[in-house]
Amino acid sequence: MSGREIGQSRGHALWINGALALLAIISLAPLAWMLSVSFMPGGQASQFPPPLLPSQTTLDNYRALFARTGMGRNFLNSLLVSMGITAGSLLLNTLAGYAFAKLRFAGRDRIFQLLLAALVVPAQVAMLPLFLLMKQMGLVNTFGGVVVQALASVFGIFLVRQYARSIPDELLEAARIDGAGEARIFFQIVLPMLKPVLVTLAIFTFMGAWNDFMWPLIVLTDQEHYTLPVALASLSREHIMDVEMMMAGAVVTVVPVLLLFLLLQRYYLQGLLLGSVKG
């Protein structure tokens with residue numbers, strides 16, 4: 001490769017990296033301003049033009065948020081609900097995905113096709129019958145009503161199935177010949193091999209449950225049971241002029257799950273890529 005071609009290649013890479021850096025800055029700017037406003041004294045964010053940095057850093061907004069609004073209880077509610085949904089989803093989606101990938105039973109492919117067809121149905125269409133079902137089960141205004149409806153998902157089943165198809169059939173048949181039951185095969189052989197995709201599914205499920213707003217808003221009626229997104233929306237109606245406190249609430253809602261994703265993004269992306277090419 002000539003020097004001119006090398007220079008053109010470097011210039012092309014510089015333009016691409018510069019464009020990506022600019023897009024990253026534009027994407028992160030609202031989050032950075034939200035964090036900055038959360039440390040501003042009361043009323044400073046309402047000035048025109050709005051300041052980019054606080055004139056005086058203060059934690060009063062966070063103190064007021066947890067002391068006056070009970071946001072700490074809502075944080076624990078979100079943590080409890082998200083962990084319950086994640087644990088149940090891992091178990092049920094893994095069992096179903098493995099069954100569709102490796103077990104033979106009547107109507108397996110047809111049932112899986114029907115599940116995939118359900119992906120095109122908007123979630124809002126099912127909310128009314130789902131709410132009536134939760135009401136008949138006595139789960140309205142309970143954490144169980146939030147958790148039960150999310151214990152299994154078509155996407156989770158599909159993700160596990162695609163990855164589980166890469167497990168050699170010979171390995172499973174050898175275990176059966178040695179006298180291992182299906183439960184032992186699943187927990188001692190299959191489950192360890194599914195670890196990459198399980199990490200991906202756990203992150204994806206936890207983030208979805210943590211950020212879910214619509215269903216908890218429908219099924220929870222008591223403020224003591226509110227999750228963080230619902231509590232933040234309720235807070236905006238009561239403290240609409242207190243921009244700094246609102247931004248503090250947004251930081252409390254966004255930062256934990258953002259840090260979780262940043263810490264585990266390597267496993268998340270690895271699992272998605274493996275699940276998309278395996279099988």
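Predicted model: local features only at pLDDT ≥ 70, side-chain atom pairs only at ≥ 80, totals over all residues.

I begin with Ser36, whose side chain reaches the backbone oxygen of Leu52 at 2.7 Å. A polar contact here is a pair of N or O atoms within 3.5 Å; within protein, one must be able to donate a hydrogen and the other to accept it, and residues adjacent in sequence count only if both atoms are side-chain atoms. Residues are numbered from 1 along each chain as its sequence is written, and side-chain values use heavy atoms, with hydrogens and water left out.

Ser36 lies in helix α1; helices (H or I, at least four residues) and strands (E, at least two) are DSSP runs, numbered from the N terminus. Is Ser36 buried or exposed? Ser36 is buried, with a relative accessible area of 10%, where buried means under 20% relative accessible area, exposed over 50%, and partly exposed in between (1.4 Å probe, protein chains only). Leaving aside neighbours within four places in sequence, Ser36 is in contact (heavy atoms within 4.5 Å) with Leu52, Leu53 and Pro54.

Helix α1, residues 3-38, also holds Leu23. Leu23 is exposed, at 52% relative accessible area.

The largest nonpolar core has 31 residues, and Leu65, Met71, Val146, Trp215 and Leu235 have the most contacts inside it. Such a core is a set of buried Ala, Val, Leu, Ile, Met, Phe, Trp, Tyr and Cys residues joined through side-chain atoms within 4.5 Å. Elements giving two or more residues to this core include α2 (60-68), α3 (71-102) and α12 (228-238). The most comes from α13, with seven residues. Not counting residues up to four places away in sequence, Met71 touches Leu65, Phe66, Leu228, Ala231 and Leu235. Another core, of 17 residues, lies apart from this one and has Ile167, Ala175, Ala180 and Leu201 among its members.

Finally, two loops. Gln223 sits in the loop between α11 and α12 and counts as partly exposed, at 45% relative accessibility. The C-alpha atoms of Gln223 and Arg73 are separated by 9.9 Å, although these residues are 150 residues apart along the chain. Asn141, in the loop between α5 and α6, has a positive phi of about 65° although it is not a glycine. Most residues other than glycine have a negative phi.
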